[in-house]
Amino acid sequence: MTDHRSPFSDHGFLFAPSDISGRLLDWYGRQGRDLPWRRTRDPYRVWLSEVMLQQTTVAAVVPYYETFLERFPNVADLAAAPVEEVIESWAGLGYYSRARNLHAAAQRVVSLFGGSFPDDLEGLMSLPGVGRSTAGAILSIAFDRKAPILDGNVRRVLCRLYALKEDPRASASEKRLWAWAEELTSADRPHDYAQAIMDLGATICIPRRPDCPACPLEGLCRARRMGVEAELPLRRKGRVVPQRTEVALLLEREGRFLVRRRPLEGMLGGLWEFPGGGVPEGSEPLAAGKALLRDMGLAGELRPAGRVRHVYSHFRLDLHLLRGEVEETFRVGEGAQDRWLSPGELTVLPLHGAHKKALDHLASAV
């Protein structure tokens, strides 16, 4: 008879996959969170929630999820909408490539799959923005198929459960983690298991100060038994985050301010911002702003109007705000990607993070 227990005999510690799934599912039945996307098996809604939850907390996602569904209630509506509308609905969630991928994937579902989501791993992973873990979550939750998932929460649970003392992102570790995830996934209740292990990582097995006494797996967790749960998963050595210095021009004409839409492709694609640019090394922000104003074909006096600091995923931004009134011109603000808007209109415009903070300086910078 095959022994399916995990090979921890050198530490006198053994458990079977069913030990894990049984305890986890019992706990989930008592403690599982009531979330809007858990009241449906609709693949569209499951997919939407999984994409939104990438790099974003549940608390932040819930209102966006509900509002997004009001605007795009099904995959056909999402596919038919202009991508600009999708990005506008996404504004504030960050990582905007997710919105563009969401739109592209919806169009693919409609054009290649007749409007029905594929129910196999290969088909799901052919959709833009859907990786192996997201595909596994959709298969498990929407279709009740046994499929492993390995998002950040699950990765942390497994690193502690198996006491993985290696870089969890290294290639060898990645293979082990996927193998463990596959081994532990319940074949009888994959729908509940997927949500249970994600809940465990989100509420109990948290990054700092895990609540081990409340964990249903405490008695089986190798890291807990070894007293190293707070040290795992191993953290990668911190890298130096570069800083960029830029200017943004708050250009006013008859009580309205000039904003521009960023190109759809690339960072923050499709969002709006005030005209701006980088400050060359050795230059002052005011000098850089005046040069930018000349390049735009405008004339006017600029004055400092505040400073904004904002952190993106791969750099820190030091944004100097310069304000000035400009005269009527036909060289700027006449294109489809340029608008002169009132302060009230700006508050509902999907500005990206740093430039949204600049709105706070409009009233004070007089």
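**Cavities and strand pairing**

Student: Hi! By class, what residues make up the lining of the largest cavity?
Tutor: In this predicted model, the lining of the largest cavity has 10 nonpolar residues, 5 charged ones and no polar ones.

Student: OK, and how much space lies in that largest cavity?
Tutor: The largest cavity holds about 130 Å³ of space. It is lined by 15 residues, and the closest to its centre are Arg160, Cys205, Cys212, Cys215 and Cys221.

Student: Which helix gives the most to the lining of the largest cavity?
Tutor: That would be helix H9, spanning residues 152-161, which supplies 3 residues to the lining.

Student: Stepping back, how many cavities of 30 Å³ or more does the structure hold?
Tutor: There are 2 cavities of 30 Å³ or more in the structure.

Student: Then how much space is in the second largest cavity?
Tutor: About 50 Å³ lies in the second largest cavity.

Student: Which residues line the second largest cavity?
Tutor: Its lining is made up of Ala147, Pro148, Ile149, Val154, Leu158, Ala181, Thr185, Tyr193, Ala194 and Ile197. Two elements, H9 and helix H11 (190-203), each give two or more residues to this lining.

Student: Where does the largest share of the lining of the second largest cavity come from?
Tutor: From H11, with 3 residues.

Student: And by class, how many nonpolar, polar and charged residues has that lining?
Tutor: For the second largest cavity the count is 9 nonpolar, 1 polar and no charged residues.

Student: New topic, strands! In what sense do S1 and S2 pair?
Tutor: Strand S1 (residues 243-253) and strand S2 (residues 256-261) pair in the antiparallel sense, over 2 bridges. Arg253 has Arg256 in S2 as its bridge partner.

Student: How many residues lie between S1 and S2 in the hairpin?
Tutor: There are 2 residues between S1 and S2 in that hairpin. Glu254, in the turn, has a positive phi of about 55 degrees.

Student: How many bridges join S2 to S7?
Tutor: S2 is joined to strand S7 (residues 338-341) by 4 bridges, and the two run antiparallel. As an example, Phe257 has Leu341 in S7 as its bridge partner.

Student: What about S2 and S3, over how many bridges do they pair?
Tutor: S2 pairs with strand S3 (residues 272-273) over 2 bridges, again in the antiparallel sense. If you want to find the spot in the viewer, look for Arg261, whose bridge partner in S3 is Trp272.

Notes
Residues numbered from 1 in each chain as written. Predicted model: local features only at pLDDT ≥ 70, side-chain atom pairs only at ≥ 80, totals over all residues. Heavy atoms only, no water. 1 Å grid on protein atoms, 1.4 Å probe; cavity = no way out; pocket = protein on both sides within 12 Å on 5 of 7 lines; lining within 4 Å. Points joined across faces, edges and corners; volume = space filled by probe spheres on them. Nonpolar A, V, L, I, M, F, W, Y, C, P; charged D, E, K, R; others polar. Pairing = 2+ DSSP bridges.
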